[in-house]
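Subject: Structure handover

Hi,

Here is the structure I promised to pass on to you. My notes on strands and salt bridges follow below it.

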Amino acid sequence: MSLKPPSAAHETLIQLAEAQLVTGERMVARLLIDLDASLHFHGGLIVLTNTRLLHVEQALSQAWNLADVQDLKLEEMGATAAIHLMQAEASIWHWRLTAGHLREVEAFLARFKEQRGLVIAETDAPDDEEDVFSTDEPETVTSTGKPLVRLFKFSRPWYQLMAMGFALTVASTGAGLIGPWLTMSLVDDVLIPLQSATHEVHVKHLYQFVAGLAGAALLTWLLKWATTYVVSRVAERVTSHMRRATFEHLQKLSLTYFNKKRTGDLISRIGSDTDNISLFISINFIDFACDVLTIIFTAAILFTINPMLAFAALGPLPIVAWLVQWVRGNLRGGFAAASRAWSAMNSVLSDTIPGVRVVKAFAQEQREIERFRAQDQHIFDTNDRVNRTWSFFEPTIYLLTDIGLLVVWSAGAWAVAHGQTTVGVLTGFVLYVGKFYGRLDSMSRFVASAQRAAASAHRIFEILDVKPDMPITSGMRKVGRLSGEIEFRDIKFRHGSRQIIRGINLKIAPGEMIGLVGPSGAGKTTLVNLACRFFDVSEGAVLVDGHDLREIDVIDYRRNLGLVLQEPYLFFGTIAENIAYGKPAATRAEIIAAAKAARAHDFIMKLADAYDSMVGERGQQLSGGERQRISIARALLVDPAILILDEATSSVDTETEREIQAALDHLVKGRTTIAIAHRLGTLRKANRLVVIENGVISETGTHADLMNRSGTYARLHQAMVEVNAA
């Protein structure tokens with residue numbers, strides 16, 4: 001890769017890189033990066049030398065020996081891309097940059113592979129000299145981490161409440177161990193003497209011990225209740241925060257992410273997986289904490305009472321530890337597979353139930369039943385594999401518990417017979433051993449719940465770890481009310497390996513109506529999506545009122561937009577709520593005015609509850625034309641500076657289209673309007689028609705101008721006339 005002359009803005013970075021070169025080291029190639037890890041615009045430089053790879057920016061530098069770098073991998077993400085530095089099959093560092101630099105990236109990566117090959121060849125040759133270019137290896141950066149460790153880091157805001165829960169757990173565990181200790185004295189000092197002596201001497205003592213045992217039981221109950229209450233509050237707060245954080249993060253992601261995901265899978269993660277986590281924190285984890293503390297306290301008490309019996313009682317423990325470790329890996333994989341199976345099931349349901357009309361229209365009920373059965377069988381098979389492991393593990397723990405008790409009884413009986421311990425001590429010992437192995441059994445069940453929670457946490461963090469693929473500029477510009485000037489300046493857009501927009505230059509004046517025309521797949525909707533900043537351009541820029549769209553606060557900008565999609569989407573609720581979706585504080589008068597402008601008022605008033613009528617799931621209670629008019633009213637209510645009409649009249653009949661068109665003729669005045677339509681007649685009053693073919697503009701002009709040219713627009717118009725005539 002040749003070294004291009006640097007601009008003044010990059011000169012400082014190059015000087016910083018040159019300052020890090022050591023004797024005998026020379027710069028081979030360099031690559032400018034324009035984003036930081038958080039996708040803020042930020043200057044940085046990757047420098048390839050004859051021996052090292054350098055990362056240089058104003059306040060940070062890093063270096064790696066080429067021999068230690070396994071590979072550099074390019075990951076394309078629509079408008080942005082990432083370069084991953086790989087060691088031992090893991091990404092230990094990554095750079096982010098906009099997609100406009102992809103050609104330079106590919107050339108840089110080719111030069112890197114060539115230079116690394118030379119270094120490896122030299123390294124493989126016998127050489128006794130020390131490498132003078134060696135540097136400290138950077139710390140490995142893992143984005144996922146241990147799911148449960150990350151889960152507890154996620155709980156940091158509630159550490160004080162968690163500390164209170166832990167203190168209560170310690171107290172309740174200690175209170176639960178008072179009973180067996182009192183039992184030893186009760187047997188030795190009361191029950192055995194009571195059997196052989198007069199009742200009057202010992203009955204009073206018996207009542208004192210019974211009262212002590214009752215008090216210990218009551219104290220244990222009270223502390224356990226307080227523990228469960230506190231920890232449950234923590235669990236609900238953590239999972240509520242996790243649900244909100246996940247949903248809020250999803251709202252920040254672009255359409256590129258959602259295009260790759262299934263709705264049912266995302267719903268399953270936010271719903272079922274967070275429920276698993278809540279159950280783990282509120283019940284399973286507190287049980288585990290009690291188990292661990294009980295085992296520690298009990299073991300200490302056992303060795304205090306009788307070390308010989310303690311060693312005998314804990315004999316099976318190494319076998320239990322090995323079993324837990326063996327089962328843990330199997331269960332984690334099984335629960336992860338079960339979560340994926342449930343997500344697939346939810347995806348089937350989210351496809352089939354909303355699309356039930358299509359299913360019935362094509363008589364595909366049996367096909368969907370078979371599809372559901374296949375997913376249900378997958379869940380069954382996955383759970384069955386988990387159950388086979390669990391069905392072996394739990395009885396084995398019970399067996400080892402019984403063996404431990406048998407050993408204690410045998411050794412204890414021998415000790416009592418030889419006068420080395422008392423019956424009371426043996427009785428208390430057996431009670432403590434029962435608690436020890438009972439908790440060990442409970443801990444074995446924790447293994448399953450922990451692996452289920454770990455799998456769920458991993459699926460949640462997979463979402464939270466996704467970086468938004470649209471760059472963010474620090475201190476985003478607030479624009480307020482826009483005049484509506486839009487300029488597409490030499491823009492290109494690539495989705496994956498497909499180049500959709502190949503180079504478009506178009507300037508739209510404030511208040512001008514532009515009609516986009518062209519065959520399907522030409523790039524019309526993509527151009528509109530770029531104007532809305534649903535995606536970012538790969539090259540070039542979209543300017544609004546002279547400002548780069550990437551530098552404008554996207555929320556502030558979209559308040560200037562009114563959007564009517566080709567397929568109108570209504571939310572479950574009333575007609576009034578749907579019209580006011582973009583302006584929740586709108587008055588009823590404003591809602592009615594927007595409905596009248598969209599020619600929707602008349603049919604709304606014919607409904608039983610008028611504006612308070614429920615539209616049903618996705619507006620299924622309304623016809624396609626009615627849904628479209630509600631969608632238009634929703635866009636008009638926000639009084640947008642820029643109006644986007646993507647096939648806005650495609651779902652209405654000719655009479656309704658005429659009514660809507662009459663309303664639009666008045667409403668587009670004073671607003672910049674971009675309209676897409678295959679019914680070319682709806683675009684005759686556009687100030688300009690722009691014909692797009694294969695991602696470029698092929699024709700521009702008025703309807704009359706384009707008809708006179710006998711080009712693509714004229715052919716499309718003639719084809720439409722012939723279809724209407726037929």
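**What I found**

Glu 590 counts as partly exposed, at 30% relative accessibility (partly exposed lies between buried, under 20% relative accessible area, and exposed, over 50%, using a 1.4 Å probe and protein chains only). Its salt-bridge partner is Lys 583, with the closest N and O atoms 3.2 Å apart. A salt bridge here is a side-chain nitrogen of Lys or Arg within 4 Å of a carboxyl oxygen of Asp or Glu. Lys 583 is likewise partly exposed, with a relative accessibility of 32%.

Before going further, a word on the source. Please keep in mind that this is a predicted model, in which local features need pLDDT of at least 70 and side-chain atom pairs count only at pLDDT 80 or more, while totals for chains, interfaces and linings use all residues. Residues are numbered from 1 along each chain as its sequence is written, and side-chain values use heavy atoms, with hydrogens and water left out.

**Salt bridges across the chain**

Searching the whole structure gives 13 salt bridges. One of them is between the side chains of Lys 478 and Asp 553, at 3.2 Å from N to O. This pair links distant parts of the chain, 75 residues apart: Lys 478 sits in the loop between helix H13 (423-464) and strand E8 (486-495), and Asp 553 in the loop between strand E12 (547-548) and helix H15 (554-558). (Helices, H or I with at least four residues, and strands, E with at least two, are DSSP runs numbered from the N terminus.) Lys 478 is exposed, at 61% relative accessible area, whereas Asp 553 is buried, at 16%.

Another salt bridge brings together the side chains of Glu 485 and Lys 507, at 4.0 Å from N to O. Here too the pair links distant parts of the chain, with Glu 485 in the loop between H13 and E8 and Lys 507 in strand E9 (residues 498-508), 22 residues apart. Glu 485 is partly exposed at 23% relative accessibility, and Lys 507 is partly exposed at 46%.

**Strand E3**

How many residues of strand E3 are buried? Six of the six in this strand (residues 52-57) are, so E3 is mostly covered by the under 20% cut-off. Arg 52, Leu 54 and Val 56 point one way, and Leu 53, His 55 and Glu 57 the other. Strand E2 (residues 41-49) runs antiparallel to E3, joined to it by four bridges (strands pair if DSSP finds at least two bridges between them). Leu 48 has Leu 53 in E3 as its bridge partner, and a hairpin of two residues joins E2 to E3.

Best wishes
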